[in-house]
Amino acid sequence: MPETTRHPTVSWILQGLLFVLVVLGCVAYGVQVRNGLGVTGLSREMPWGLYISQFTFLVGIGASAVTVLLPYYVHRQKTFARALVLGEVVAVIALCQALLFIMVDLGKPGRLLNILLYPAPSSLMFWDCLTLGGYLTLSAVGLAAVLFARGGSPARWVRGLALATIPWAIGIHVVTALLYAGLAARPAWMTAVLAPRFLATAFASGPALLILLAAVLARRKVFDVGREAIDRLSTIMTYAAMVSLLLALLEAFTALYSGIPAAGEHLEYLFLGLEGHAGLVAFTYGGWLLLLLALVVLLVPSLRRRRGLAHAATAAVLLSVLAEKGLCLVTSGFVPSPLGYVRDYRPSLIELGIVIGIYAGGALVFFGACRWLLTPSESAIHALNPSPTTAREPGMARVAQMEN
Amino acid sequence: MNRGLSRRDLLAGTGAALGAALMGGTAARTALGAAAGAGSPLWGMAVDVARCASVAGCRRCIDACHAAHRVPTIAEARHEVKWVWKEPFARVFPEQIHTYEAEAQKQMPVLVLCNHCKNSPCTRVCPTGATWRRSDGVVAMDEHRCIGCRYCMAACPYGARSFNWEKPRPGNSDGNTSNYPARTAGVVEKCNLCVERLDAGQVPLCVAICRSAGPAALTFGNLEDANSPLRQLLATRRVLRRRPALGTEPRVFYLV
């Protein structure tokens, strides 16, 4: 690893910039609250856009904590200790952002609690709120229990809690997919493959984000996740990305080979444009191209070993999932409208300001988490992984021998 | 606080409706009483497509409904709020159109409104019960409870629901003397089959207006009553419903 010195000023400038973006986002939200959601690019044909898309993407990031929970708590891979802590921090922040995106999407945010005051079990949104709230609580408690153990080994109940968290993590993303997948009015989403696709893209984008964050943190000498965990996260990401590609192709086959117009119109809109409207074509091709290039790099050993190229491929995976889940999936579902109208969606500056503000807020909280949680918790994290060489399964030891 | 639809407005509206029901509404009540027949009613409506289209450019029911319910007039098409309006036949019944269809048939304007479905996807997905099915079949809407999540708009296969993207005032209040309370920005609304009139013993306004001087293209009645004029029409005429394959069971029927 190249020797670099820490530049506190760079970090402070970045945080200052993020703070300005948060303030701008708040101002933009103020404008939206004052004038109504008409200040966004949404319309009666396209009632959901960037906000609900980011919500979907971030729930995936939150759910992807599974990729660190499973190795550490189920497979007892002690080398995942630091990745575990980082992954949980990212998951908690992502889920808070996801909830914020729901808030800013509501026409009457002050009435949010109506979901709990008048529970409607037939609505998937009710279950989404329950599972998200439950998972966020479990994750936050689990993370706090680990971080504030202060040198001592985490209590036994922490592992039980972590094991209980795993099905919840899967649950939040499955329920988020079901929110879309049961609507007869929107054939683009009405596929049983949607939930597995969501999980696959989550388990690709989540580790991708962790790998990139870990690279920055290691370079800045803030927090070293460790080579072994990063390599395994990279493997998880690669396989998840391949599964997501396969599922997307399977979905396209059913939609197109069946020849039912309604089943394939959204794909036509995404790839070719519909009735002269082609607002998402560039994002569609961009996203898939990034994913395919990334897979080439990640699957060819000689390319993958180049650190810079591997990081670029990791970023490409993250961006491709962002293009799909964070934009194309939700908006293409509304094309064409039930009455056959096609309207392109152009997010307004106000809308973009709010989106950027929420992401900047998340980044700012992450800065704080690094400063006040990760760095001071070295002893607690050491308790999670007392010796770097312990607790290897016999099978893994054999694999390690094969590697040498 | 919700200023567009204050408690006072609501009470005033309810009072007016009650007053009409108790005192002045005898004639209207008789009209609906006959339509209701015995037992609890299940309301439905039939639209005679050709008759409705026979008066070119007719907007009598649309204008009357939108004025009575303070539906705002909004210039920007993507923010429009609509309870009842007209769409080309080819858009309302896309599955009925074939390659050799005459252009005039494709473009024939067809009246569309909430279908008040038996299996309504909108009420199924609403996370707060702000929209629900009444026992008389009306899919009702409580704009006070609506959080503005627009899940119902995503779920409705007919595009029948409108969100208040902008403040509905003054677009709905200039010179409007209706008692019906206005909504605010940030809530969803749609045709309520004139529940305020039904509860006062009157038929929906669009039906009344169409019958008073128009082509009498709309027939309203009790689907449970086999002898109702509505049921007679449904039994004798060729009937279309919008997107029947989805299983929503619309209660607005189109006579062709």
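The model is predicted, so local features need pLDDT of at least 70 and side-chain atom pairs count only at pLDDT 80 or more, while totals for chains, interfaces and linings use all residues. Residues are numbered from 1 along each chain as its sequence is written, with chains lettered from A and ligands numbered from 1 in the order in which they are written.

In chain A, the axes of helix 2 (residues 50–63) and helix 8 (residues 194–219) come within 8 Å and cross at roughly 70°. Helices here are DSSP runs (H or I, at least four residues), as are strands (E, at least two), numbered from the N terminus; axes are lines fitted to C-alpha atoms over the stretch in contact, with angles from 0 to 180 degrees between N-to-C directions. Helix 2 of chain A brings A:G60, A:I61 and A:A63 to the contact, and helix 8 of chain A brings residues including A:F198 and A:L209 (contact means C-beta atoms, placed from the backbone, within 7 Å).

Over in chain B, strand 10 (residues 252–255) pairs with strand 1 (residues 43–48) in the parallel sense over four bridges; pairing takes at least two DSSP bridges. Strand 9 (residues 239–240) of chain B runs antiparallel to strand 10 of chain B, joined by two bridges. B:L255 turns up as bridge partner of B:D48 and also of B:V239.

As for the chains themselves, their contact takes 37 residues from chain B and 31 from chain A. Helix 8 of chain B gives the most to its side, with four residues.

Technical notes:
Contact = placed C-beta atoms within 7 Å.
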